[in-house]
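Subject: Structure for your files

Hello,

Here is the structure I said I would pass on. My notes on a few parts of it follow below.

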Amino acid sequence: MSGPDRRAPGETGSTPVGPDGQTDPFIPKVTDPAPRPVDQTDPYLHQVGVPPPMADRPSAADHETSPEGRGTVPVQPVAASGSGGRAEEDDTGAVFGDTDVHAVITDAGTDTRPAVPAAPTGTPTAASAGDPDVFEAVTGPHAVVGQEASSRPADDPAGDGAHRTGTDQNEPYPDDMDPAAQPGTAWWRRARVLIPLGLLSSLLLLYAVDILVAGNDVPRNTVVAGLPLGGLTTAEAARVLTERGVPAMAAPRSATAGTVTLDVRPAEAGVTLDVPGTVEAASAQPLNPITRVWSLFGDRRVDAVLDVDQPALDEAMTGFAEQVDVTFVEGSIEIEGTTPTVVHPSDGRELDRAEAADVLQAALRTGSRQLVFPVLERRAQVTAAEAGQTLESFAVPALSAPVLLTGGEETTTDLTVEEIAAALRFGPGDDGSLLPWVDEASLLEGFGADAGQFASPPVDATFDVSGASVSVIPSMEGTAIDAASLAQDLMRVLRLPAPRESAVPLMVARPGLSTDEARALNIVDPVSTFTSAYDDAGVAQNIRIVAETVDGAVIRPGQTYSLNTATGARTAEQGYVEAAAPGEAEAAVGEGISPLATAMFNAVFFAGLEPVRHTAHSSYNASYPAGRDATVRYDDTDLTWRNDSANGIYIQTNWTSTAVTVTFWSAVTLQIEAVSGSQSNLRQPASETRSGAGCQTSSGSAGFEISMTRVFMQAGTGRMLREEEFTTSYDPTPRVLCVGAPVPPPVADPPPPEPPVVIDPEPTLSTQPSSSTPTTTAATTTPRPPPTTTAPTPTTTTTTAPTTTSTTITTTTTAPTTTSTTASTSAAPTGAPTSTPAAASAAATPAAGSSRPARMLTL
């Protein structure tokens with residue numbers, strides 16, 4: 001600052017003094033208190049570091065004259081820092097300029113912006129570039145315009161020109177200005193990071209050392225079932241458990257179950273100490289840091305490992321239950337014949353056996369001596385008085401007389417007192433009373449055959465086969481007794497004195513298969529058929545009953561069919577006799593139906609359906625096609641298959657005294673071809689020599705394996721869709737030589753592979769074979785060419801009892817190809833009559849007045 005009484009920068013002399021003998025108030029000293037904060041914004045500088053237009057600068061005329069009359073203070077040209085200063089006055093009247101004045105230092109040390117024009121003398125400014133005292137007081141010591149960046153003040157370490165203000169230049173940095181906390185300091189060198197990391201590292205080191213020192217010994221302060229094992233080796237722990245733990249666990253102890261005290265002997269209950277398992281569990285080092293730290297101050301408890309004999313434990317719980325359980329009886333009414341009596345109530349309790357077993361094991365694991373077995377208490381709701389009231393008000397009147405049941409067209413029947421008694425039920429109500437009701441199912445059973453007088457059952461839709469066509473026989477709705485409404489009315493009538501009656505209400509009964517549902521099944525054509533022959537009267541009798549049962553069955557899409565389920569137990573009461581078909585084990589009542597099972601399996605095979613359970617005969621028999629036979633026995637061997645097509649399946653059976661045919665009707669979507677593979681794994685039978693009157697010679701049969709490929713083709717186009725391979729293994733049957741009897745013929749070779757077979761779906765019966773020559777006939781699933789017949793020469797053999805034969809099915813999907821339709825073939829033994837269209841037609845001629853082929857049975 002310069003003026004009449006001011007020295008220019010650089011001049012020497014005493015400090016200027018004002019008129020009052022004090023230091024010039026316009027030049028604050030470093031030792032003076034820092035000026036109060038003032039508005040440092042320069043309204044004339046619109047952007048920091050850019051000088052405003054000259055027109056916006058204050059002119060000399062706008063400058064005020066100092067009070068001392070010293071004129072205006074000229075403004076020396078300085079390098080502006082981007083912040084000018086407008087004079088402001090504090091509370092004491094001292095006028096200061098903007099204190100946010102900084103020197104802008106370029107790389108060359110000079111300011112390249114235009115200098116600020118000089119202000120008239122006497123105008124106070126924020127700082128003068130030519131007055132180092134003023135500049136130092138405002139911006140800090142030794143701030144010189146144009147000095148090199150390397151010569152920055154000590155209090156400006158960042159070199160950004162932002163200097164501290166204050167009277168004490170040695171004042172330490174505030175917390176927010178700590179260089180260690182500034183962004184330039186690495187985060188990992190800060191104290192708040194290093195201290196936690198150090199503590200964590202120390203804890204991890206101690207944790208690792210603790211685990212290493214522990215080794216394989218039992219961890220410190222370990223207690224198992226009350227036995228201290230901490231610090232012992234595994235061998236020492238095993239010795240302690242054997243000597244002390246086993247006897248302690250086997251010691252008798254008492255348990256309470258309600259009001260009963262039980263004597264519990266764990267060893268007799270099948271619960272003992274597993275010493276090796278317990279040692280392993282106790283010696284396992286805990287990895288949880290909290291657990292390891294806690295073990296320094298308290299016990300580490302480990303449960304003992306038990307060896308439990310579950311059957312013995314269940315038996316022990318049953319014995320305890322016999323001592324604890326008390327039969328619960330609810331207050332009710334009991335009817336003996338037709339006489340009602342009051343049943344007196346009795347509270348009951350029952351040992352919860354499963355929970356009691358868990359309680360026992362839990363106590364033994366922890367070494368606890370306290371055993372409390374849970375008991376389920378049951379309290380009677382109905383008192384004897386309530387039961388007696390219901391007896392007098394309802395039971396006695398209800399059983400006093402029969403009820404006359406009436407229906408339409410003067411139909412009547414009596415509901416007897418015995419039938420009423422069988423249908424009455426009693427139970428507790430919510431308010432403790434005894435409520436009576438009539439059981440609907442028992443009521444309908446009481447009707448018996450009389451139900452037909454009041455109601456007419458519905459008729460399911462079915463199918464009528466006539467020649468090569470099938471039609472739907474419409475369903476019919478029926479009526480059924482409304483048991484719920486009748487039971488409700490009887491509750492009113494049974495309270496009345498005799499005579500009394502009740503009308504039988506009816507409701508509509510809908511058929512299980514309606515006409516529309518039957519038509520939607522799309523059963524329009526025969527899709528497969530197969531015929532099997534036999535020559536035994538007992539076999540024919542049993543097959544007739546089964547064929548009658550199976551005939552007319554409808555299997556909807558997705559349903560699974562079981563032959564044994566369809567027939568039920570085949571007993572003598574149903575007309576079955578003792579019989580055994582070729583290849584079956586031994587004669588039995590209701591057996592001998594393997595020919596029908598084989599015919600059905602082949603119908604499934606050539607219809608392209610999914611066989612679910614299928615068992616071939618244990619040994620090969622020429623009566624059946626090799627690899628496509630099936631045997632059944634009610635108790636253990638079944639034939640089941642699933643309708644995995646999109647259409648329904650209608651089963652039609654035709655039978656005679658020597659043959660049975662099974663035909664499936666549906667919609668033709670597939671053409672199935674059976675390709676027989678060659679035999680493999682040939683095994684010759686052993687020879688046996690027997691004697692006695694019952695000895696029968698036998699040539700025996702060789703054992704072998706044969707594969708059968710089922711080829712799926714699209715109907716109409718013959719395009720191949722996929723293939724399935726069935727592999728069947730037959731066991732050899734022994735060659736039997738009887739003493740004194742002629743030697744049997746030699747063992748026959750396995751049958752040669754069949755030519756490809758495509759089933760003819762038209763339901764026909766082969767001509768009846770002679771009693772000595774069985775035959776098997778096959779037909780096709782697609783419109784067929786004229787049938788041809790070939791006759792390989794299999795040899796009839798005698799076989800032994802069948803056992804389960806393994807059959808392997810492999811499915812292969814191949815690329816679509818075109819396959820020509822193969823003419824149907826059938827195989828029959830030498831000398832057997834073959835089927836002809838005329839003979840087949842004659843065998844299938846319907847009986848007079850019937851559209852279904854005649855079923856001939858000659859015994």
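Two strands count as paired if DSSP finds at least two bridges between them. By that rule strand 34 and strand 35 (residues 720-730) are a pair, antiparallel, with 10 bridges. Please keep in mind that this is a predicted model.

Within that pairing, Ser707 has Thr727 of strand 35 as its bridge partner. Five residues lie between the two strands of this hairpin, and Gly716 there has a positive phi near 95°. Strand 34 is also joined to strand 32 (residues 670-683), again by 10 bridges and in the antiparallel sense. One of the partners is Arg710 in strand 34, which bridges to Ala674. Strand 34 spans residues 703-714, and because 10 of its 12 residues are buried, it is largely enclosed by the rest of the structure.

Helix 16 covers residues 594-607. Its 14 residues reach 20 Å from the first C-alpha to the last, close to the 20 Å expected at 1.5 Å a residue. Of these 14 residues, 14 are buried, so helix 16 is largely enclosed by the rest of the structure. Gly608, just after the helix, takes a positive phi of about 75°.

The last item is Val524, in the loop between helix 13 (515-520) and strand 23 (525-533). Is Val524 buried or partly exposed? Its relative accessibility is 38%, so Val524 counts as partly exposed. Leaving aside residues up to four places away in sequence, Val524 touches Val470, Ser666 and Ala667.

Regards

Notes. Residues numbered from 1 in each chain as written. Predicted model: local features only at pLDDT ≥ 70, side-chain atom pairs only at ≥ 80, totals over all residues. Heavy atoms only, no water. Helix = DSSP H or I, 4+ residues; strand = E, 2+ residues; numbered from the N terminus. Expected span 1.5 Å × (residues − 1). Buried < 20%, exposed > 50% of the residue type's maximum accessible area, 1.4 Å probe, protein only. Contact = heavy atoms within 4.5 Å.
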